Amino acid sequence: MSDTDTADPAIAPIKRPTRWHIAVFLAPAVLVYTAIMILPLIETLRLSLYNLVDGQTAFVGLSNFVTLFSDPRLSASFWNALGNNLIFFVIHMLVQNPVGIALAAMLSIPKLRFATFYRTAIFVPTLLSFVIVGFIWKLILSPIWGIAPGMLDMVGLKWLFAPWLGRPDSALIAVSLISVWQYVGIPMMLIYAALLNIPEEVLEAAECDGITGWSQFWKIKLPLILPSIGIISILTFVGNFNAFDLIYTVQGALAGPDGSTDILGTLLYRTFFGFQNQMGDRSMGATIATVMFLIILAGVSLYLFVIQRRMRRYQF
């Protein structure tokens, strides 16, 4: 007769204790996140469906969205800001992320001297306040008292200098490159961590097959860090379509000259709070914020449900 047949049926199975301490430790973070993120988001979405009618707040449905896309002044400002935002994002994708990947690849070279110093020096601007960064670069690029003309003159390239921040055709590119300079350390460190996480056995097998140097990076390492590159790309997308601070610091709330650096964040600020002679409109500002939320939600959903599924094959 087996032990199972002789077991006492009255003996109840041992119940695991409820882990209430997990909820206790999570509660403060959940409450703070709900208070400063979830509730304001819900209120913003709600406010976009209301407006003042005869001096009273009334539900207007999608009327605010119709106004945003049909009113000549609002529509022109919105599409200009959206176009500038796309350019801002593309510059980061084509400059910041490839440069970050290249820097991470060079810093991961085992025999590189002073690698720790280089990592720290490149990452430090990320820790600086956007106010400091904007003010410093305004001083550097100033045609009156800036040091950029003198530095270019030292290498015989003074003829290249122009008031980049004051010209409509170059202001957005200049501000975008300032942002790239400040935040290139983030993709560099993420890719660097991903490169260090590649198993040594894979690299040793590649070396046995004669794949070394940059050939090893392109054929072995790059495919293995594609998931990290995908995460960096979606973080860049979300960060760029939430951008506001640096452009506000460098170019002001009007995002000049002539709105050439105006993005959705600065347009939202002027519309919601008002600026100079422009009166603030909370409902229309919430409408612009809702459109920004929907754009970011669409981009994140595309990554999570389409792109990420195809990248899982490269994960260990």
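Helices (H or I, at least four residues) and strands (E, at least two) are DSSP runs, numbered from the N terminus. Keep that in mind for residues 121-151. That span is 74% helix and 0% strand, and its end C-alpha atoms lie 21 Å apart.

Two ground rules. Residues are numbered from 1 along each chain as its sequence is written, and side-chain values use heavy atoms, with hydrogens and water left out. This is a predicted model, where local features need pLDDT of at least 70, side-chain atom pairs count only at pLDDT 80 or more, and totals for chains, interfaces and linings use all residues.

Now, confidence. pLDDT is the predictor's confidence in each residue, from 0 to 100. The mean for this protein is 88, and 94% of its residues reach 70 or more. Which element has the lowest mean pLDDT? Helix α1, residues 3-6, at 54. Helix α8, residues 171-183, has the highest, at 95. Where pLDDT is low, the predicted coordinates should not be read in detail.

Next, the record. UniProt positions use the numbering here, feature names are shortened, and annotations may be inferred rather than shown by experiment. The unreviewed UniProt entry lists "transmembrane region" at several spans, including 20-42, 121-151 and 284-306. Residues 20-42 are 100% helix and 0% strand, with end C-alpha atoms 29 Å apart. UniProt also places "domain: ABC transmembrane type-1" at residues 82-305, again in an unreviewed entry. That span is 72% helix and 0% strand. Its end C-alpha atoms lie 24 Å apart.

Look at helix α4, residues 72-107. The expected span of a helix is 1.5 Å times one less than its number of residues. With 36 residues, α4 should span 52 Å; its end C-alpha atoms are 51 Å apart, which agrees. Where does α4 bend? At H92, by about 30 degrees. The bend is the angle between axes fitted to the seven residues ending there and the seven starting there. At the N-terminal end, D71 caps α4, with a side-chain oxygen 3.2 Å from the backbone nitrogen of R73.

On to charges. Side chains of opposite charge can pair when their charged atoms come close. A salt bridge is a side-chain nitrogen of Lys or Arg within 4 Å of a carboxyl oxygen of Asp or Glu. How many does the whole structure hold? Three.

E43 is partly exposed at 37%, and R46 is partly exposed at 37%.

Another joins R167 and D169, at 3.4 Å. R167 is partly exposed at 34%, while D169 is exposed at 56%.

The bridge between R270 and D262 has its closest N and O atoms 2.8 Å apart. Buried or exposed, R270? Buried, at 9%. D262 is buried too, at 4%.

Last, the backbone. The peptide bond from G256 to P257 is cis, with omega near -5 degrees. P257 lies in the loop between α13 (245-251) and α14 (264-273). A255 is in the loop between α13 and α14. A255 has a positive phi, near 50 degrees, without being glycine. A255 is buried, at 0%. F114 also has a positive phi, near 60 degrees. F114 lies in the loop between α4 and α5 (115-127), and F114 is exposed, at 55%.

Note on methods:
Buried < 20%, exposed > 50% of the residue type's maximum accessible area, 1.4 Å probe, protein only. Polar contact = N/O pair within 3.5 Å; in protein donor to acceptor, adjacent residues only side chain to side chain.
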